[in-house]
Amino acid sequence: MKAGKIYIGTSGWHYKHWEKRFYPDEVKAADYLSYYAQFFATTEINASFYRLPLASTVEEWAKTVNTRFRFCPKISRYVTHTKKLNDPALTLPRFFNVFDAVYKKLGPVLIQLPPNLHFHEERVKAFFEALTAYKGYHFALEPRHESWMMPEAIKLLKKYKIAFVIAHSGNRFPSGEFVTAKDIYIRFHGPKGNYASGYSAAFLQAYAGKIVQWQQAGHHVWVFFNNDGNAYAIKNALTLIDNIKKT
């Protein structure tokens with residue numbers, strides 16, 4: 001079986017508190033992405049969750065990075081938190097109109113659900129069906145309600161080949177380690193679940209072995225550190241990359 005690829009990065013790159021901790025003084029904010037891309041092969045686009053960027057801005061980002069680099073945009077909270085996956089024919093086009101021009105530079109689109117959105121099979125199936133219209137895209141879903149751990153939910157994710165996001169948040173949110181697609185998508189929110197704590201060397205070493213096993217089984221593994229406080233995300237991501245090289 002052909003081995004998959006591993007992409008490791010952080011949940012966003014434009015953090016002012018990373019100045020000096022990661023970005024040198026001589027690197028201007030406008031050049032953060034090109035500097036970041038020297039160290040990492042991917043990043044999440046968190047801003048698209050709160051407010052969609054201009055299509056022209058996204059195209060500029062795509063031109064800034066190397067050919068292997070991939071972006072994983074987070075779908076708009078209007079889709080997930082306001083409409084709660086309802087009316088996808090009305091809510092989805094605006095998001096994809098922004099990213100269509102650069103879809104070849106994208107990894108899975110992240111669909112992060114609110115904690116109060118439980119699994120409702122009919123509604124979810126209709127939403128997943130709507131996603132199939134967007135050819136060339138891949139998706140990863142991060143549920144935050146325990147009902148999504150039920151076999152019915154996992155079965156539906158597998159049917160539509162949508163990755164279940166393996167999220168580590170210090171038990172802040174329910175999660176599981178389900179493999180539901182060729183893509184495996186992992187988010188590290190910090191061991192204390194507050195985005196401002198770092199993972200131990202032993203934890204990262206153990207996870208490196210697990211990631212390599214998935215890769216060798218043919219999966220593409222996407223790993224993002226969201227513990228941006230004190231630049232823990234940068235430190236942990238670089239450590240994990242180094243561990244994987246040694247595995």
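Predicted model: local features only at pLDDT ≥ 70, side-chain atom pairs only at ≥ 80, totals over all residues.
A search of the whole structure turns up 39 aromatic pairs. I will take two of them.

A word on how to read them. A pair of aromatic rings is described by the distance of the centres and the angle of the planes.

Start with Tyr 7 and Trp 222. Their ring centres are 4.1 Å apart and the planes are at 5°, so this pair is stacked; the cut-off for stacked is under 30 degrees. Where are the two residues? Tyr 7 belongs to strand β1, residues 6–10, and Trp 222 to strand β9, residues 220–225. The pair therefore ties together parts that are 215 residues apart in sequence. Both Tyr 7 and Trp 222 are buried.

The second pair is Phe 22 with Tyr 35. Here the centres are 5.3 Å apart, with 65° between the planes, and the pair is edge-to-face. Phe 22 is in the loop between β1 and α1, while Tyr 35 is in helix α1, which covers 32–36, so this pair ties together parts that are 13 residues apart in sequence.

Are these two residues buried or exposed? Phe 22 has 9% relative accessibility and so counts as buried. Tyr 35, at 16%, also counts as buried, because the cut-off is under 20%.

Now the lysines. Lys 74 has its charged end over the ring of Phe 49, 4.7 Å from the ring's centre. Lys 210 lies over the face of Tyr 207, and there the distance to the ring centre is 4.9 Å.

That is the end of the talk.

Note on methods: Residues numbered from 1 in each chain as written. Heavy atoms only, no water. Phe/Tyr/Trp six-rings, centres within 6.5 Å; stacked < 30°, edge-to-face > 60°. Helix = DSSP H or I, 4+ residues; strand = E, 2+ residues; numbered from the N terminus. Buried < 20%, exposed > 50% of the residue type's maximum accessible area, 1.4 Å probe, protein only. Lys NZ or Arg CZ within 6 Å of the ring centre and 35° of its normal.
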